[in-house]
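Hi everyone, thanks for coming. Let's have a look at this one together, starting with a single chain and then turning to how two chains meet.

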Amino acid sequence: MTTTRSFWTQIALLVVIIAVCVFPFYWMVTTSLKTQIVALEAPPVWTFEPTLNNYREALFEDGVLRTLINSLVVAVCTTLLALVLGVPAAFALARFEFRGKNDLWFWFITNRMVSPIVLALPFFLIARNLGMLDKHITLILIYLTFNLPIVIWIVTDQFRGIPYDLDEAARLEGASQFTIMRRICLPLAMPGVAVSAIFSFIFSWNELMFGLILTRSEAKTAPAMAVSFMEGYNLPYGKIMATSTLIVIPVLIFALIASKQLVRGLTMGAVK
Amino acid sequence: MRGQVPRKTIFAFIGPAVIGLAVVGIAPLLYAVWTSLHFYNLTKLRRVEFIGLENYWTVLTDEAFWQAMGRTFFLLGTALPLQIALGLGIALVLHQPGLTLVKTLARLSLVLPMATTYAVVGLLGQVMFNQKFGVVNQLLGGADINWIGDPENAFAMIIFWDVWQWTPFVALVLLAGLTMVPGEVEEAARLETKSKWTVLRYVQLPFLLPGLVAVLILRTADTLKLFDMVFTLTRGGPGASTEFISLMIQRVGFRGFDQGLASAQAIILLIITIVLAQIYIRVFYKEV
Amino acid sequence: MKNLRNLCYSAALAGAMATGAAADGHGWSLKDAAAPYAGTTVDVVFLLRPGYEAIEAMLPAFEEETGIKINIIKHPYENALGEQVRDFVSGGDLDIALIDLVWIGNFAENEWVLPLEEVQAKFPDAVDPDLDIDDFFPLVLNAFGGWNDTVYGLPFDNYSGLMFYNRCMLEEAGFDGPPETWQELKDVYGPALTKDGKYAFALQSKRNETQSADSFARVLWPFGGSFLDADFKSNLMSEESQAGLQFRQDLMQYMPDGIVAYDHAETVNAFAQGDVAMITEWSAFYSSVVSPDTSKIADCVEIAPEPKGPAGRKPALGGFSLAVASQADEDEQAAAYLFIQWATSKANAREYLERGGVPARQSVYTEDGLEDFKFVPALVESWQDGVPEFRPRFAEWPEITEIVQEWGTKMMLGEVTTEEGAQEIGTRMEEVLEDAGYYSGDKRLAQ
């Protein structure tokens, strides 16, 4: 008797959890399919004739497509750069002994905590002086401030998990450290590298403040674009939700792919 | 013998990352320090002049700055306990045996909120919490609650979205901790006592602590960073009721154009962040 | 008043000179004038508002005739200043500045924009002999495009505050017409129209430029108050200013809850949905409240000038001019000028009006067949004697408006009294002005 009751309670709780997590997405997608008049219906309606007009307008008339491409270019490039710089550093942190290693480690983790506005102010002035505003490369570089710590963190953790004997054997055969990393450790660390890449991508894709301050039109990112619909004499709610849907779908797919590793990534390896 | 490699090799591996991060992470900070010591207004660039610590003095004596700081920590103080309580509840539900399929579904849906673009969460908030055509008031039985236009309600709404987005994170972190408890220990404990609380307190909690510490550190940092969601949802309003510290600095720097003052605010925020990070990390993380 | 006359004089002179310069080339045509600049791209910031949509719809004709490409970057109003400042301080791509009247002092003093005369002297062949600068409403030209007796921009997206009212709701409550005075609005219309979840009035008051321009300043002037006195000290503690601010507090009982979160969109929407009987809004929103696509009460919309206060009718004045950016290269400057001249021209005013824009050309409002544009009489009346310094237009405004926005909303929320708030704004405002050198005599007292 008690088991069936707790069984049903458990089911009910799980259903509530799922519903609360998913409902805003349901509402986002349905609103994106509403015309302006339907979207402003009070109280809101749940059944209506859907239209794809908002998507068509957003993508092709308002240039959301281009901002999505910008976001994609920036997120992919910054992720690759973070990997190229971060993986060897992670290898060194995991494998070598040297003075100041702890301080270096502390510095990396602090970077993860600094509010972007702290960097956005001076970075704007610097980019302005160097004529680097509204360029993809500027975002690609500044996103390193949060991507590089993530990559270094997760991958260091992964390298530590690889038995040291393997390197030793290779070293006795005369392999350089670089060869050891590339041939022996990297293949084994691939899961960690992949997870850090996904994280780096997600964080870059989701970023708003730098996108807002450092770009104008050429390199404008999708979140910055979505924000710019937020005024006018008539807030186009359907279109805003359509743009939001387009922005959110890729990250959700990536997040689901990496769902097993998500916690580890978000806690920078503190929780396995 | 382990790890003894020539300095040149070490540098070759770690140098590029350090230099890269220094260029994008430290150089701007030095520049911010320079700016903060000057009268530096974007619309008055002809009048850039050294004014010493005046900007810092203005910040330190500015009530509004400390109010924004207080508001930020108040948000942390209200949202985080909720996240931990709800997260623990969810983790315990997911930790119970059986119902594999539904539980997998639940775990997957938990992933969604925390991956959502923060700016989109704010936009969604605007749509769902609108007083007239928002679905939230409808679901509350046709309530007529003015969410966005009332200072307290707006704050509550921010708490709601922060909790919505980050409770799943806490839940999954704690769930990971729960699964670390060796099965036989947990079973033995359950035979000893019927009280779930006792099991939680004496058997499971030690395994949850590292996760809780990580949550504490990261949520503190993220609350100090909080910008996107609030910017798209309330822009800090009504009045200043949801103006958190990052929003305030953005406003001073890019709407008032006083980059000097904003830089001073940013440097003070940075110092607070580093001090907190130092304390947290020195106290809790000792693994390296 | 003297400034205004000087300004008109110099503008007229500029116009005359320009006309003279191009006089010998009798058959001036846009096509010929633009020929040297075909293929040039001009970058400009536009807002998401009806006047911009109107010109965008007309744009293909211009681009086809001139071969000049206009690259429009759209921004919400609240981002538009920041975007442009960031572009200009970094020597960016913008070739035209979109100037709200409160930004003109800033843009002019930073020399981000060129005086009209200078542009015309530089490109005499580009000047349309039919420019007729005197045809602009003098108040509008002076306020939107002029600073320190120099014309920089030509008025493009032009507003006056108007009262929009829902005739059907008013009739139902037994009123034949709108209130004549603010007092009447509050004491008579307020109680009668606020019931059953409907409200008599809504005053957009969000902590944005909206708070200072549409809400705070709107109650100052009609009651005889102002931001500054003749010595540029705060005038907010004066009896008149306080009366206005207190009036706003009292009026709030007839407005929807959470009015401090209402920006233009929310206010216009509340009116268009039939929830609010009257609003005082910019003329620019006319087209959206009378369009059945966006308004449930399109047939009930009527327009009147804003109500009078003890100090008379002092309607809100706002609007945007377009000016040539100094950072543009020669070809871009010429092409930018041609576009500005075309967009604000007498010849295009009628089409602009019909597509939802509000031109500042006097001539167009004397034409026949304007009955459909109900806002015209009220608009023309408002532009006869508005207050150019409705909000001070000096370079310090961006800083001051932030202060007004913060404390103005705090007042409305009841977090501070009108005296406390006014005191606070006054002190901070004077600090800014002191810093800028107005009190030491370094800077002319111009607003």
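So, chain A has 272 residues, and 57% of them count as buried, meaning that 20 or more other C-beta atoms, placed from the backbone, lie within 10 Å of the residue's own. Please keep in mind that this is a predicted model, where local features need pLDDT of at least 70, side-chain atom pairs count only at pLDDT 80 or more, and totals for chains, interfaces and linings use all residues. Residues are numbered from 1 along each chain as its sequence is written, while chains are lettered from A and ligands numbered from 1 in the order in which they are written.

What is chain A built from? It has 14 helices and 0 strands; helices here are DSSP runs of H or I with at least four residues, strands are E runs of at least two, and both are numbered from the N terminus. The C-alpha trace of chain A spans about 75 × 70 × 30 Å along its principal axes.

Now please find helix 10 of chain A, residues 177-206. Its end C-alpha atoms are only 36 Å apart, whereas a straight helix of 30 residues would span 44 Å, taking 1.5 Å times one less than the number of residues. Where does helix 10 of chain A bend? The place is L186(A), with a bend of about 65°, and a proline, P187(A), follows within four residues. That angle lies between axes fitted to the seven residues ending there and the seven starting there.

Finally, the two chains together. The contact takes 82 residues from chain A and 79 from chain B, counting residues whose C-beta atoms, placed from the backbone, lie within 7 Å. On the chain B side, helix 1 (residues 7-36) gives the largest share, 15 residues.

How values were computed. Contact = placed C-beta atoms within 7 Å. Buried ≥ 20, exposed ≤ 12 C-beta atoms within 10 Å, placed from the backbone.
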